[in-house]
Amino acid sequence: MRLATLRSSDGGTHAARLDPDPTTATVLADYPSVGHLLRQEHWEEIARTATGPRRVVRPQDLAPVIPRPGKIVCVGLNYARHIEEMGHKRPDVPTLFIKFPEALTRPYNDVPLPPWTQQAADFEGELAADFEGELAVVIGTRARRVPAEAAAEHIAGYAIMNDYSLRDYQYRTQQWHQGKSLERSSGFGPWLTTRDAFRPGAPLQTWLNDAPMQEARTDDLVFPPEALIEYISALYPLEPGDVIVTGTPAGVGHARSPKRYLRHGDTVRVRVEGLGEIANTTIFEEE
């Protein structure tokens, strides 16, 4: 089953159950978003059986699948080849950082870069915006101190995120957050594919314009989703609609020689087999 948050004509949003052909859907009018739906005790049964108006779905109709997650927990250094290319040692525990909901944008929206981000102080004057295609795990039921062997039961499903990164801001300090939460930068979607319809292992691919940049299997992780839920939920509870962004494979622009940062008009497309794809174009705002 695939669930989406769709923009409505009145400026709001509503949850929807997509058809096998995702260009049409059934509107779940009682729920403003997939996040609201997941907070219902029997959300999966509601989603499967609810009836409602039918509508056509265009790419521009898709909102971030969870527009305002309570928590977005990101994982750095979780693919072995990416750890090597970034010059780090393989970690013994997950490397966590936080992304705020304001960083999310629609799966096919442009990413506007304000003028102050277009001057990189420490990267030879080149804008240091970068792409990171990632598998996102969405929590379906409250997880507190959950062992890894029981963690899958708390997963609602999976989606795609681009962990859009301002490398110059990221590396100004030893804390990464300031380079990871630029407003309206991280495409998230295109929809939630429920846990029963997807198992990590499918390939993740990222293209910059028409050039392939990243490719890896989504189960080739140092810390798989179950281990991440165990580790994170020992620190604080994970609630329905919370998101864990599991890390990016090798091939990011910052690690290339020469480095390849994003330029005005560049489109990054991230695809995971079985989950669909997202595509976001970087646009330099003028003064």
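Contact means heavy atoms within 4.5 Å. By this criterion, threonine 194 touches Met1, Leu3, Trp43, Ala156 and Gly157, not counting residues up to four places away in sequence. The model is predicted: local features need pLDDT of at least 70, side-chain atom pairs count only at pLDDT 80 or more, and totals for chains, interfaces and linings use all residues. Residues are numbered from 1 along each chain as its sequence is written, and side-chain values use heavy atoms, with hydrogens and water left out.

**Threonine 194**
- Threonine 194 lies in strand β13 (residues 186–194); strands are DSSP runs (E, at least two residues), numbered from the N terminus.
- Threonine 194 is buried, with a relative accessible area of 0%; buried means under 20% relative accessible area (1.4 Å probe, protein chains only).

**Nonpolar cores**
- A nonpolar core is a set of buried Ala, Val, Leu, Ile, Met, Phe, Trp, Tyr and Cys residues joined through side-chain atoms within 4.5 Å.
- The largest nonpolar core has 66 residues, of which Leu3, Phe188, Ile229 and Ile244 touch the most other members.
- Strand β11 (residues 155–162) gives the most to this core, with six residues.
- A second, separate core of eight residues includes Leu6, Ala25, Leu62 and Trp191.

**Strand β10**
- Seven of the seven residues of strand β10 (residues 133–139) are buried, so β10 is largely enclosed by the rest of the structure.
- β10 pairs with β11 in the antiparallel sense over seven bridges; two strands pair if DSSP finds at least two bridges between them.
- Glutamate 134 has methionine 161 as its bridge partner in β11.
- β10 also pairs with strand β16 (residues 243–245) in the antiparallel sense, over three bridges, and valine 138 has valine 243 as its bridge partner in β16.

Terms used:
Buried < 20%, exposed > 50% of the residue type's maximum accessible area, 1.4 Å probe, protein only. Helix = DSSP H or I, 4+ residues; strand = E, 2+ residues; numbered from the N terminus.
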